[in-house]
Amino acid sequence: MFELRHIDKVYNPGTVHETCLFRDFSLRIQTHSFVSVVGSNGSGKTSLLNILCGSIPVDGGTILMDGRDITQMREFRRYARIGRVYQNPAMGTCGSMTILENLSMADNKGKRYGLTAGTNRRRMEDYRAMLAPLGLGLEDKLGVQVAALSGGQRQTLALLMATMTPLDFLILDEHTAALDPKTAEIVMLLTDRIVREKKLTTLMVTHNLRHAVAYGDRIIMMHEGHVVLDKAGEEKKQLQVEDLLGLFNSISIECGN
Amino acid sequence: MLLSILEQGLIYGILALGLLITYRILDFPDLTVDSSFPLGAAVSAVLTLAGMPPVLTLLCAILSGALAGLITGLIHVKCHVRDLLSGIITMTGLYSVNLNIAGKANVPLFSGDTLFKNAFTKSLPDFLRPYSTLLIILLIALCAKLALDWFLSTKAGFLLRAVGDNPAVVTTLAQDQGRVKILGLMIANALVALAGAVMAQQQRFFEISMGTGAMVIGLASVIIGTNLFHRFSFLRSTTMALIGSILYKACVALALQIGLDASFMKLVTAVLFLIILVSSQFTRKKVHIRV
């Protein structure tokens, strides 16, 4: 379970550009829930993910992971239990390294990165078996540099790498936004399957309202650092894309857009 | 002259291996090099004079270089100083350290045994003796290259390559990217100090300013090597760096051969580096490290 308690976050404090994003912001993400987060640009979606992962510090409040205070915990330590996929497919993989090297590196997460061989030949068949069902042809390209792959192939690889080892939380930061519609569908289906199989507590930021409605068991809409809509369970199942779009528009009109 | 080009080229090739890590892998313009090169030389020279077997002095030089890299790494990672400035700070400070280790600006090794002049090399048959220095340098350079190749194929080596390529991946793997960077700087400067130590043994003296321009020479070698040979997919980047270094030394020798005075050495070094740097911008794609 993730819990944000009374979070304050101010950008550029003490300057003319000072903007307060969160004031006394609280949110609770239940274990094994799959939460979609929607909202306009600047509403605080990505900041929310960055605060959870420790990529940016907070100015006040506490962050709890399964009841443990992680507010002061450094970013890399938090990832021991968190997997994260970014919007940019290049962010989750190493372009100068091969698919095999990338997978081997991700496969070792949680263990020591010592002086033993970086790749394990015996795992190669497992990697092929993992890649083959995706239908992207990656299983025959283990020795290819990741930089040579398409955005969709790279993002799929990033998703697999982020979720290869045992973990509890998955953070998805608009991870289908840079993909073409067909690849976005493939990645979304794969995401859903992994989340179910591994019973991950998932937080997915997306601009795709259809994805937000179709996947997950809870939906949150954010606006200017506040949660303006929060539906779970049956209420969420009733929700249509049109309802979200309506709310989206009414918020935008309020702001004079 | 060919012999001297090969000897010098391979010694600077060891230095180029270090710069391959900082420049090509970590993308860190590490000026520590200009001081860790003479640091290795000073350590090796002083310990040799004190009676330590020359081979052991190389090991001490390696350790001293790693320490220099550690300092630059700590300044950069822990004190959040920009990469270039961290190197400059260590480089400046090390000058005094080098001077104090050596005791004076110039330490000759003319009397007594060195790595290249000892009972073993004297026992070699006549036809081998002119090449003994080259062979020993070749052996050391190959050992350094193979060790680096091996390291880059380990899990720790994978992390090092990943941190330069995409630090976010290292962080999401729950590893401290700062520590990986520091490790990379330590290995790089250890190699550079080794090159300095071998240099001192070969030229039979330590001189405080012998590191000036070392980074430029190493970088030029790495860029020549990796840009010229990136089509040859069977060559590893480490091999390319060694060959690049020999080619670079050959270019400098050529420039001096056509009548330039030796006092223009550093100017030749700088201009040659500029030419290489500018021409390398014409290679279409980014050159990746290949291991």
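**Reading a covered helix**

Modeller: Helix α7(B) is mostly covered, since nine of its 11 residues are buried. The model is a predicted one, in which local features need pLDDT of at least 70, side-chain atom pairs count only at pLDDT 80 or more, and totals for chains, interfaces and linings use all residues. Residues are numbered from 1 along each chain as its sequence is written, chains are lettered from A and ligands numbered from 1 in the order in which they are written, and side-chain values use heavy atoms, with hydrogens and water left out.

Colleague: How are "helix" and "buried" to be understood?

Modeller: Helices (H or I, at least four residues) and strands (E, at least two) are DSSP runs, numbered from the N terminus. Buried means under 20% relative accessible area, exposed means over 50%, and partly exposed lies in between (1.4 Å probe, protein chains only). In α7(B), the buried residues include Phe158(B), Leu159(B), Arg161(B) and Ala162(B).

Colleague: What do the buried residues of α7(B) pack against?

Modeller: They pack against α3 of chain A, together with α1 (2–25), α6 (132–152), α8 (167–172) and α9 of chain B. Contact here means heavy atoms within 4.5 Å.

Colleague: At what angle do α3 of chain A and α7 of chain B pack?

Modeller: Axes are lines fitted to C-alpha atoms, for helices over the stretch in contact, and angles run from 0 to 180 degrees between N-to-C directions. Helix α3 (residues 99–107) of chain A and helix α7 (residues 155–165) of chain B meet at about 110°, their axes 11 Å apart. α3(A) is therefore roughly perpendicular to α7(B); angles under 35 degrees count as roughly parallel, over 145 as roughly antiparallel, 65 to 115 as roughly perpendicular, and the rest as oblique. Glu101(A), Ser104(A) and Met105(A) form the contact from α3(A), and Phe158(B), Leu159(B), Arg161(B) and Ala162(B) form it from α7(B).

Colleague: How is the length of a helix judged?

Modeller: The expected span is 1.5 Å times one less than the number of residues. Helix α4 (residues 83–102) of chain B has 20 residues and reaches 28 Å from its first C-alpha to its last, close to the 28 Å expected.

Colleague: Where does α4(B) bend?

Modeller: The bend at a residue is the angle between axes fitted to the seven residues ending there and the seven starting there. α4(B) bends by about 30° at Leu94(B), and Leu94(B) is among the buried residues of this helix. Just after α4(B), Gly103(B) takes a positive phi of about 90°.

Colleague: Is Met265(B) buried or exposed, or partly exposed?

Modeller: Met265(B), in helix α12 (residues 265–280) of chain B, counts as partly exposed because its relative accessibility is 30%. Not counting residues up to four places away in sequence, Met265(B) touches Val252(B) and Leu256(B).
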